[in-house]
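Subject: Structure for your review

Dear colleague,

I am handing over the structure below, together with some notes on what was found in it. Please read the notes with the coordinates open.

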Amino acid sequence: MILSPEGVRVFPEASIETMTNTDNLIRAKGLIASAERVAVLTGAGISAESGVPTFRGKDGLWKNYRAEDLASPEAFRKDPGLVWEWYDWRRSLIAARQPNPGHYALVKLEEQVPAFTLITQNVDGLHDLAGSSHPLKLHGDIWTVRCTRCTYTDINRQTPLPEIPPRCDCGSLLRPDIIWFGEALPEATFREAWQAAESAEVFIVAGTSALVQPAASLPLLAAKKGAKVVEVNLEETPLSPHSDIVLPGPAGDVLPQLLA
Ligand code: NAD
Ligand code: ZN
């Protein structure tokens, strides 16, 4: 194990292939093939190979702002134009991207497993685009806007937006339908994710730093209830020591190898 400049423990390059090709991969594949109930939690890492930057990666900064300083109700109250400018930039970037083999592997896994639940922290809509039937979006969707005053909400795929910040017909500001830092998760969606974690026999965690709560608690809950936890990531995360099988490597390479 080596230390990256940020102090994150990184799996040595050389070991990635060997580790993903050995017993661990075969074990994980076997567990999944014999499971009736599988749940998957994805994070920004699964979309990295599609060209969507992660928050904590080297491309995570925008005009020297950290995502944590823009994706919050406080930032929006202070400067809605700035926050919308950032979302407009991210929407344009994502609009040009396509799902990758990692997203498609999860569509195939859904067909293979009798009871399958996909839980995502991603807001980019790439799981939908790949064909996943019902991704539980814990953190909302960048393509949905809602009014900050009335009940208006709608899908809006316009990029770039003609007016920043965009306004509702009622005159009030629109906001992205995203769960910002400090905001509560959509209750019904989180309940469904919680139930899937509680009943899963195998819980796969792919491309998440496992730092953002409460999403990060789902694999721990699954493990407590008896699930085998399989982690797919380029780096070691706080979840790695709690995982039964750690598969280091890019999600777009590793996830397709888990299919029957
Ligand atoms: P994160 O940025 O904190 O962590 C990304 C993780 O993915 C890291 O652990 C990294 O090692 C790993 N990773 C990077 N490339 C990978 C690859 N090719 N294969 C496997 N793993 C890879 O992301 P997070 O844990 O999802 O949490 C950040 C928050 O940011 C979430 O709330 C999410 O909603 C939001 N976010 C979403 C998007 C998106 O929708 N695509 C993008 C950036 C941030
Ligand atoms: Zn309104």
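In which sense do strands S10 and S11 pair, and over how many bridges? In this predicted model, strand S10 (residues 228-233) runs parallel to S11, and the pairing extends over four bridges. Within that pairing, Asn233 stands opposite Pro248 of S11. Along S11 (residues 245-248), the side chains of Ile245 and Leu247 point one way while those of Val246 and Pro248 point the other way, and all of these residues are buried.

A polar side-chain atom of Glu235 lies 3.4 Å from an oxygen atom of ligand 1, and Phe55 contributes through its backbone, with an N or O atom 3.1 Å from an oxygen atom of the ligand. Taken on its own, ligand 1 has 840 Å² of accessible area, of which the protein covers 93%.

As for the surroundings, 27 residues surround ligand 1, and the closest are Arg56, Gln121, Asp124, His139 and Asn233. At the level of domains, the shell draws at least three residues from domain 1 (1-52 + 98-139 + 185-260) and at least three from domain 2 (54-96 + 141-178).

Terms used. Residues are numbered from 1 along each chain as its sequence is written. Chains are lettered from A and ligands numbered from 1 in the order in which they are written. This is a predicted model: local features need pLDDT of at least 70, side-chain atom pairs count only at pLDDT 80 or more; totals for chains, interfaces and linings use all residues. Side-chain values use heavy atoms; hydrogens and water are left out. A residue is near a molecule or strand if one of its heavy atoms lies within 4 Å of it. A polar contact is a pair of N or O atoms within 3.5 Å; within protein, one must be able to donate a hydrogen and the other to accept it, and residues adjacent in sequence count only if both atoms are side-chain atoms. Accessible areas come from the Shrake-Rupley method with a 1.4 Å probe; for residues, only the protein chains shown count as cover. Domain bounds come from an automatic or database domain assignment. Buried means under 20% relative accessible area, exposed over 50%, partly exposed in between (1.4 Å probe, protein chains only). Helices (H or I, at least four residues) and strands (E, at least two) are DSSP runs, numbered from the N terminus. Two strands pair if DSSP finds at least two bridges between them.
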